[in-house]
Amino acid sequence: MHAIIRQGNGKYYISAVFGYYEDISATDEYDRYLESIHNPYWIVWDPAKKRLIKWLNMVPNTRYIIPQILIVDIEHDNWNIDENGVGCVDFLNRELIDSFIAMEKQPEDILNQCRAMDEGYIYEETTEIKTGKDIEDLECVSGRFHDARIVKEELHDGILHLKFDGTWGCKIEVWFWGDIEYDTSSRDPEYYDPYWFGSTVILQDGFVYLADEDDLTIDDIKKGEYCYFKARHMKYRVIPN
């Protein structure tokens, strides 16, 4: 698993992700809800990749829900997790992490295992959707385009370029090319709500589809009913806020 670690004001770095914990202990239902938003944290590299740190999932000390981490690669086959996705890579555990995470000088054998897991990973700023895994990565980093809106739509030399804002913690650029078909009329801000609630991405019969509602099928995607895009190729780029 790898992520964009947002530092604020457009600054960020890329890190492998080694663990995720929630620390929800309240008994009151509303207090548990608040803890579920503000308490979760990830185990990641520091900016220099010299030690591991805890990184809160959301920006602290604000009433707004602003992600501090954007998962760009969801691969976690070497993790031990519970039904809520809480856990860590298989060479660590909660007790071990707690024993050293606050230390300035951390155990070198553990850091070496983390480096080995991270070795060879290259973050590609632009990703083309070619597999189901690519779709899952996009759905994760975009939050399925919840609260997104199209702020740029430009067709040039057979390439459709879109820019979304409103996605949590980032903006997303998307390009489509090859036998393009699309309809954005249902999200025209002059007449309709431009904000997406969710999205569906489908690969089928040599085409890729993106539409503005969850769990759609190819048969559901029709002009005038959904904002949608269909093309032979689609790629995207995440722009952290």
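Trainee: Which residues does leucine 52 touch, not counting residues up to four places away in sequence?
Mentor: First, a word on what we are viewing. This is a predicted model, where local features need pLDDT of at least 70, side-chain atom pairs count only at pLDDT 80 or more, and totals for chains, interfaces and linings use all residues. Residues are numbered from 1 along each chain as its sequence is written, and side-chain values use heavy atoms, with hydrogens and water left out. Now to your residue: contact means heavy atoms within 4.5 Å. With residues up to four places away in sequence set aside, leucine 52 touches Phe18, Ile43, Val44, Trp45, Phe100, Ile101, Gln106, Leu111 and Cys114.

Trainee: Which residues touch the most other members in the largest nonpolar core?
Mentor: The general idea is that in soluble globular proteins, nonpolar side chains tend to be buried together. A nonpolar core here is a set of buried Ala, Val, Leu, Ile, Met, Phe, Trp, Tyr and Cys residues joined through side-chain atoms within 4.5 Å. Buried means under 20% relative accessible area, exposed means over 50%, and partly exposed lies in between (1.4 Å probe, protein chains only). In this model the largest core has 31 residues, and Val17, Phe18, Trp42, Val44, Leu52 and Ile69 touch the most other members.

Trainee: Which elements give two or more residues to this core?
Mentor: They are β1 (2-8), β2, β3 (41-45), β4 (52-56), β5, β7 (87-89), α2 and α3 (108-118). The names come from DSSP runs numbered from the N terminus: helices are H or I with at least four residues, strands are E with at least two. β2 gives the most to this core, with six residues. There is also a second, separate core of 27 residues, which includes Val72, Phe176, Trp196 and Ala231.

Trainee: Which residues of helix α4 are buried?
Mentor: In α4 (residues 132-142), the buried ones are Asp134, Ile135, Asp137, Leu138, Glu139, Val141 and Ser142. They pack against β5 (69-73), β8 (126-128), β11, β13 (200-204) and β16. After α4 comes glycine 143, with a positive phi near 60 degrees.

Trainee: How many salt bridges does the structure hold?
Mentor: Side chains of opposite charge can pair when their charged atoms come close. The cut-off for a salt bridge is a side-chain nitrogen of Lys or Arg within 4 Å of a carboxyl oxygen of Asp or Glu. The structure holds twelve. In one of them, arginine 94 meets aspartate 23 at 2.7 Å, N to O. Arginine 94 lies in helix α2 (residues 94-100) and aspartate 23 in the loop between β2 (11-21) and α1 (29-38), so this pair ties together parts 71 residues apart in sequence. Both partners are partly exposed: arginine 94 at 29% relative accessibility, and aspartate 23 at 35%. Asp23, Arg94 and Asp98 are linked in a network of salt bridges.

Trainee: How far apart are the closest N and O atoms of arginine 144 and glutamate 139?
Mentor: They are 3.4 Å apart, in a salt bridge. Arginine 144 is partly exposed, at 26%, while glutamate 139 counts as buried, at 19%.

Trainee: Where is aspartate 179 found?
Mentor: Aspartate 179 sits in the loop between β11 and β12, and its relative accessible area of 54% makes it exposed. Its phi is near 50 degrees, a positive value in a residue other than glycine. Aspartate 179 also forms a salt bridge with arginine 232, with the closest N and O atoms 3.0 Å apart.

Trainee: How many disulfides does a search of the whole structure find?
Mentor: A disulfide is a covalent bond between the sulfur atoms of two cysteines. The test is a pair of cysteine sulfur atoms within 2.5 Å, and the search finds zero. For cysteine 88, the closest cysteine sulfur is in cysteine 114, at 9.9 Å, too far for a bond. Cysteine 88 is buried at 4% relative accessible area, and cysteine 114 is buried at 0%.
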